Amino acid sequence: MADPEAGVASHYGEPLSEQRALEAGAAVVDLSHHGIVVVSGPDRLSWLHSMTSQHLLALRPGESTETLLLDANGRIEHAARVVDDGERTWLLVDAGSAEPLAAFLTRMRFALRVEVEDRSGTHAAVLAFDGPAPDAVRALGPAVEWRDPWAEVARGGVQYARTETEHAGAQWSAVQFVFARERLDDVVGLVRSGAVRAAGLLALDALEVRAWRPSQAGDVDERSIPHELDWMRTAVHLTKGCYRGQETVAKVHNLGHPPRRLALLHLDGTGGELPVAGALVFAGAGSATKPGARPVGRITRAALHHEWGGIALALLKRSVPEDAPLEVRGGAEGNDPQAEPGEPIAAVQEVIVPATAGAARAVPRLKRI
């Protein structure tokens, strides 16, 4: 496993093979670059419950969930994977998020009986999917483990993705194991013994994209609200009561529509190119190279999947027709609207968040006088 200052491996020489092994539960991914914040004290769950989008009051020891910290306008500021061990609540976050999250929580303690500690320097996580790999890692005695709830709609949540067919994440079984950093050598020993295989971040990214699984580092920008990413499915409890940003969550879900919607794009692989994060998306065949063409969205993540080929997650304007052909301006210049367009990549949408998402309550309109 990698040193936190040195980064982690994107792959170990065979990204597609690693991806298949990871999906089959025979590989582990090093997440030692991710952050870990621990909250202790008797008031920890009620305190976190009062500030975040998830119902945490009755969280049982060992039970896993996830939650969001929103700003006053309902935009996502922090996303945390949550598990409590009976004495401490562990918040597992993406790279670069632990320090600002710990700082915010520390400022919000007031007179409550809670302590906040950034343990990113002393603890680290590895990830595996159900199969022999988790069993082997679990036998090493991790400090705690977090099971991703993405496979099902959480209690109090709602799914915007249509249910005519099985949800792309229905078989999702990722588990994160947290160890003291000095114990990571034990995980390395499993890899060297051949008991499990090491898979890089590219493998995990491709599986997340295919499962429509959002992440803060991968898909959230300064405007993101949970509805746009279908994160109401596992990270938001709609009847838990008041918290910062809750008014926006309720209004958009009950009365309005999210301004953008997440879609999976199946990319034309003729050119063998994947768009970069931030690449611009245009509606209509040949639209990407038309003078004055306006983008209708942007790529958040793109990946080469071992079965599906080139795929990407994109945030699109809600007004984009669900059956519209799309083009992505690929290459490093794709996130610069003033740059010369590169070779466009044709794409077909797979709808995740439909244009009709929201407006759950039919409010009768008053007749005009």
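Q: What makes Arg75, Arg223, Arg294 and Lys317 a patch of positive charge on the surface?
A: Happy to walk through it, with the note that this is a predicted model. Arg75, Arg223, Arg294 and Lys317 gather on the surface, and Lys and Arg count as positive. Like charges are joined within 9 Å when their residues have over 30% relative accessible area and no salt bridge, so these residues are called a patch.

Q: Why is Arg294 called exposed?
A: Its relative accessible area is 71%. As for its place in the chain, Arg294 is found in the loop between strand S12 (280-283) and strand S13 (297-305).

Q: Which residues make the nonpolar surface patch of about 220 Å²?
A: That one is made by Leu16, Leu274 and Leu304. Leu304 lies in strand S13.

Q: Why does Leu304 count as partly exposed?
A: Leu304 has 45% relative accessibility. Buried means under 20% and exposed over 50%, so a value in between makes Leu304 partly exposed.

Q: What does the secondary structure of the chain come to?
A: You will find eight helices and 16 strands.

Q: How many of the 369 residues count as buried?
A: The share is 53%, where buried means under 20% relative accessible area.

Definitions and conventions:
Residues are numbered from 1 along each chain as its sequence is written. This is a predicted model: local features need pLDDT of at least 70, side-chain atom pairs count only at pLDDT 80 or more; totals for chains, interfaces and linings use all residues. Side-chain values use heavy atoms; hydrogens and water are left out. Patches are made of residues with over 30% relative accessible area and no salt bridge: like charges are joined within 9 Å, nonpolar side chains (Val, Leu, Ile, Met, Phe, Trp, Tyr) within 5 Å. Accessible areas come from the Shrake-Rupley method with a 1.4 Å probe; for residues, only the protein chains shown count as cover. A salt bridge is a side-chain nitrogen of Lys or Arg within 4 Å of a carboxyl oxygen of Asp or Glu. The place of a charge is taken as NZ of Lys, CZ of Arg, CG of Asp or CD of Glu. Helices (H or I, at least four residues) and strands (E, at least two) are DSSP runs, numbered from the N terminus. Buried means under 20% relative accessible area, exposed over 50%, partly exposed in between (1.4 Å probe, protein chains only).
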